[in-house]
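Have the structure open as you read.

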Amino acid sequence: MNTTCALCDRARTLHASNGWMLATAHWGVSPHPALQVPGWVAVQTLRHTEGLGTLNTAEAQTLGPVLSRVSAALAKATDATHIYTYALGERVPHTHILMGPPGHGLRGREFLDRLLGRDESLVDQPAAERVSADVAGLLAANGSTAHEMRG
């Protein structure tokens, strides 16, 4: 892992604390690292990669199933009909996809502009923690645990 990458550093901390909501051999899922917005999570590679074009075959083959499972868990935990996904790689050059439902009565561009702008009015720490626990429970109920990453 690249020692100067914020997401690699965060991954080491999550490994040590068993703090992943889901971890497979190639992907880790955790609450959004920058904002505690209810239902927003980060899906990231466990090794340092810098974009979808740098994934190895195993990472690429497992990405779709991971995104599908996480999306289903988010939809169920939040009663959302839409789960947004985006990956820009502008602030942190590490492959990660942010996922979550729209909120605060906002949809589409209006919501995403505020999320990307790190609008603190979207933050609700207690609700974000409850939803994260619910999502982790749903993923664990589907046989996904942090132990999968060691396999």
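Accessible areas here come from the Shrake-Rupley method with a 1.4 Å probe. By that method the protein exposes about 7,600 Å², and carbon and sulfur atoms supply 53% of that area. Please keep in mind that this is a predicted model.

## The overall picture

Let's begin with the parts list. The protein has four helices and five strands, and along the sequence they follow the pattern α-β-β-β-α-β-β-α-α. The radius of gyration is 15 Å, close to the 15 Å that the globule rule gives for 151 residues, so the protein is as compact as a globular protein of that length. Along the principal axes, the C-alpha atoms fill a box of roughly 40 × 35 × 25 Å.

How much of the protein counts as buried? The figure is 40% of the 151 residues. Among contacts between residues at least 6 apart in sequence, 63% join residues at least 24 apart. As for charge, there are 12 positive and 13 negative side chains, and the centres of the two sets lie 3 Å apart.

## The sheet

The five strands form an open sheet in the order S1-S2-S3-S5-S4, with antiparallel pairing. Strand S1 (22-23) and strand S4 (84-86) stand at the edges with a single partner strand each, so one side of each is left without a neighbour in the sheet.

Strand S3 sits between S2 and S5 in that order. With strand S2 (residues 27-31), S3 pairs in the antiparallel sense over five bridges. With strand S5 (residues 96-100), S3 is joined by four bridges, and these two strands also run antiparallel.

Is S3 enclosed or open to the outside? Five of its five residues are buried, so S3 is largely enclosed by the rest of the structure. In a regular strand the side chains alternate between the two faces of the sheet. You can follow this along S3: Val41, Val43 and Thr45 point one way, while Ala42 and Gln44 point the other way. Residues on both sides of S3 are buried.

Which residues are the bridge partners of alanine 42? On the S5 side the partner is leucine 98, and serine 30 is also paired with alanine 42. Not counting residues up to four places away in sequence, alanine 42 touches Gly28, Val29, Ser30, Pro31, His32, Pro33, Ile97 and Leu98. For a sense of distance, alanine 73 is 31 residues away from alanine 42 in sequence and 14 Å away in space, C-alpha to C-alpha.

## Two loop residues with positive phi

Asparagine 18, in the loop between helix H1 (6-17) and S1, has a phi near 55 degrees, a positive value in a residue other than glycine. Asparagine 18 is partly exposed, with a relative accessible area of 42%.

Arginine 118 belongs to the loop between helix H3 (108-116) and helix H4 (125-141). Its phi is positive too, at about 55 degrees, although arginine 118 is not a glycine. At 40% relative accessibility, this arginine counts as partly exposed.

Serine 17 lies in helix H1 and is partly exposed, with a relative accessible area of 48%. From serine 17 to glutamate 59 there are 42 residues in sequence and 23 Å in space, C-alpha to C-alpha.

Serine 132 has its place in helix H4. Is serine 132 buried or exposed? At 15% relative accessibility, serine 132 counts as buried. Leaving aside neighbours within four places in sequence, serine 132 is in contact with Met21 and Pro31. Pro31 is also among the residues that alanine 42 touches.

Terms used. Residues numbered from 1 in each chain as written. Predicted model: local features only at pLDDT ≥ 70, side-chain atom pairs only at ≥ 80, totals over all residues. Heavy atoms only, no water. Rg over C-alpha atoms; globule rule 2.2 N^0.38 Å. Buried < 20%, exposed > 50% of the residue type's maximum accessible area, 1.4 Å probe, protein only. Contact = heavy atoms within 4.5 Å. Lys, Arg positive; Asp, Glu negative; His and termini not counted. Charge placed at Lys NZ, Arg CZ, Asp CG, Glu CD. Pairing = 2+ DSSP bridges.
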